[in-house]
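Here are my notes for anyone opening this model for the first time. Keep the structure open beside you and go through the points in turn.

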Amino acid sequence: MNETNNISNSKKRQRKDDKQEENDSDASNSFGQDGSRKKKKTLKGFITSLILLEQQEKSDQEEQNHASNEEKILFEANHKKRIKTMVEYYGNIQDDHVEIQETERNKRKKSRAVAGAAAVSAASNGVAAIKGIKDAKHGGGAGGQQRRLWVKDRDKEWWDDCNRPDYPEEEFKKAFRMSKSTFDSICEELNSVIAKEDTTLRNAIPVRQRVAVCIWRLATGEPLRLVSKRFGLGISTCHKLVLEVCSAIRNVLMPKYLQWPDEDNLRKTKNKFESISGIPNVVGSMYTTHISIIAPKISVAAYFNKKHTERNQKTSYSITVQGVVDPKGVFTDVCIGWPGSMPDDQVLEKSALFQRANGGLLKDVWIVGTSGYPLMDWVLVPYTQQNLTWTQHAFNEKIGEIQSVAKDAFARLKGRWSCLQKRTEVKLQDLPVVLGACCVLHNICEMQNEEMDPELRMELVDDEMVPEVALRSASSMKARDSIAHNLLHHCHAGTSFL
């Protein structure tokens, strides 16, 4: 019986222990599930916070970009407004300057007329006195000498040596950028305009020396004091000669050597450009370059060249020269003197070529320009948008061959006449005359097939800015697309862009 009780008690204890273990197991499982839920909840909150932070950062970045874009647009608008105001101010100053010059010219005419009348009166009253003086001189014997103005004797050995008939042709060409025969023809054509007569006070400077002073100054860009030493003349005399000869070149030679071609020459020009590129009806290649100048006294901001300043890390001022050339690189039209802050499309709008085109001169023909010009009914430019098609790439390659004709011509212009590579000392109002003379002399050298010294060749660097309104005519866009399609269809387009 005791054994029976003991067995019964042990079974009770075992059931009690088993029940306790089950309770402990249930408690531990419940605790584990609660911990897992807390971890998941914490991780979810952390991820939500990261997403919110990222969204907030994106929102802040967008607001910052929007604010910076607004500031940029406002800055550009103010800059364009300032440039426009400066250009208008410059135009008004030029008009005032012309009026002042006209007034001064009239005053000088009146003063000369008064002086002439006084001289005539004095001459009539002093005839007797002069006659008495002459009689006294003749009575004084043959030893009397006529008075002359004292002139400083300067060394002219270098010019006298260049002027000898046996002076080497290569040396002469190196100094004056042209052969003796071309130089002689220029002197002959200018002779009637720049020749002066000897006076009792001094002998006139010969025509050849006058032309040589001007051409050597343009070719070398050397300062006037060195020109003075080379030719044995005064500095002020050399300065005066340069301006006189440049003015004569513009007035006498420009109408002959720099003019828009006639119908026959236009037809030859079209054929030549079409043989180069396959693009029909092209009558010229257009380019705009900048000439560095010393900071002007008026309208400084209008002449400030931002692109050159950023590239050279030096404040730069300039004026523009826009030119159209034929397939040989001969200028057929130039527009000189607009401020360097103006983009290419604004310079084009100010030019006489633009006015003639609006008058119907360039109907059904193309002038090829760079991407700095707008696409118009008579101006053909390359595609500038992103992701170009094969056809558009091929068109840009062929039109680039025409563009290079004008750019190479300007490179030869600046290489041959080194005065265009430096900051010029010429006054702003005289610059169009000097630059125009350089373009005419360039044409004469090109027409006479004057080869350029390889050492003078230079690389032309001008910054192109895409115009604000790059498309001025919907019909011109269709015409360009048609030309591009025909180039590819007729196998004229290249494949080097691949």
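1. Ground rules. This is a predicted model, so to speak a computed one: local features need pLDDT of at least 70, side-chain atom pairs count only at pLDDT 80 or more, and totals for chains, interfaces and linings use all residues. Residues are numbered from 1 along each chain as its sequence is written, and side-chain values use heavy atoms, with hydrogens and water left out.

2. The largest pocket. Start here: the largest pocket holds about 930 Å³ of space. Of its 33 lining residues, His79, Ile83, Ser341, Pro343 and Met465 are the closest to the centre. A pocket is an open set of points on a 1 Å grid over the protein atoms alone, with protein on both sides within 12 Å along at least five of seven lines, and a lining residue has an atom within 4 Å of a point. Volume is the space filled by probe spheres set on the points, which are joined across faces, edges and corners.

3. Who builds that pocket? Two or more lining residues come from each of H1, helix H11 (306-312) and helix H12 (344-350). H1 gives the most, with nine residues. Helices here are DSSP runs (H or I, at least four residues), numbered from the N terminus. By type, the lining divides into 11 nonpolar, seven polar and 15 charged residues. For the record, Ala, Val, Leu, Ile, Met, Phe, Trp, Tyr, Cys and Pro count as nonpolar, Asp, Glu, Lys and Arg as charged, and the others, Gly among them, as polar.

4. The cavity. The whole structure has one cavity of 30 Å³ or more, where cavity means a set of grid points that a 1.4 Å probe fits but cannot get out of. Its lining is made of Ile291, Val321, Leu413, Leu420, Leu435, Cys438 and Cys439, and splits into seven nonpolar, no polar and no charged residues. Helix H15 (residues 431-447) supplies the largest share, three residues.

5. A nonpolar patch. Look along the surface for Leu43, Phe46, Ile47, Leu50, Ile51 and Leu53, which together have about 600 Å² of accessible area. Such a patch takes residues with over 30% relative accessible area and no salt bridge, with nonpolar side chains (Val, Leu, Ile, Met, Phe, Trp, Tyr) joined within 5 Å; the areas come from the Shrake-Rupley method with a 1.4 Å probe. Phe46 sits in helix H1 (residues 2-125) and is exposed, at 51% relative accessible area. Exposed means over 50%, buried under 20%, and partly exposed in between.

6. Salt bridges. The search finds 16 of them, each a side-chain nitrogen of Lys or Arg within 4 Å of a carboxyl oxygen of Asp or Glu. Glu425 and Arg217 make one of these (3.8 Å, N to O). Glu425 is in the loop between helix H14 (390-416) and H15, and Arg217 is in helix H6 (residues 207-220), so the pair ties together parts 208 residues apart in sequence. Glu425 is exposed at 53%, while Arg217 is buried at 11%.

7. Two bridges to Glu446. Arg412 pairs with Glu446 at 3.0 Å between the closest N and O atoms. Arg412 lies in helix H14 and Glu446 in helix H15, so this pair links parts 34 residues apart in sequence. Arg416 also forms a salt bridge with Glu446, at 3.3 Å. Arg412 and Glu446 are buried, and Arg416 is buried too.

Key: Patches are made of residues with over 30% relative accessible area and no salt bridge: like charges are joined within 9 Å, nonpolar side chains (Val, Leu, Ile, Met, Phe, Trp, Tyr) within 5 Å. Buried means under 20% relative accessible area, exposed over 50%, partly exposed in between (1.4 Å probe, protein chains only).
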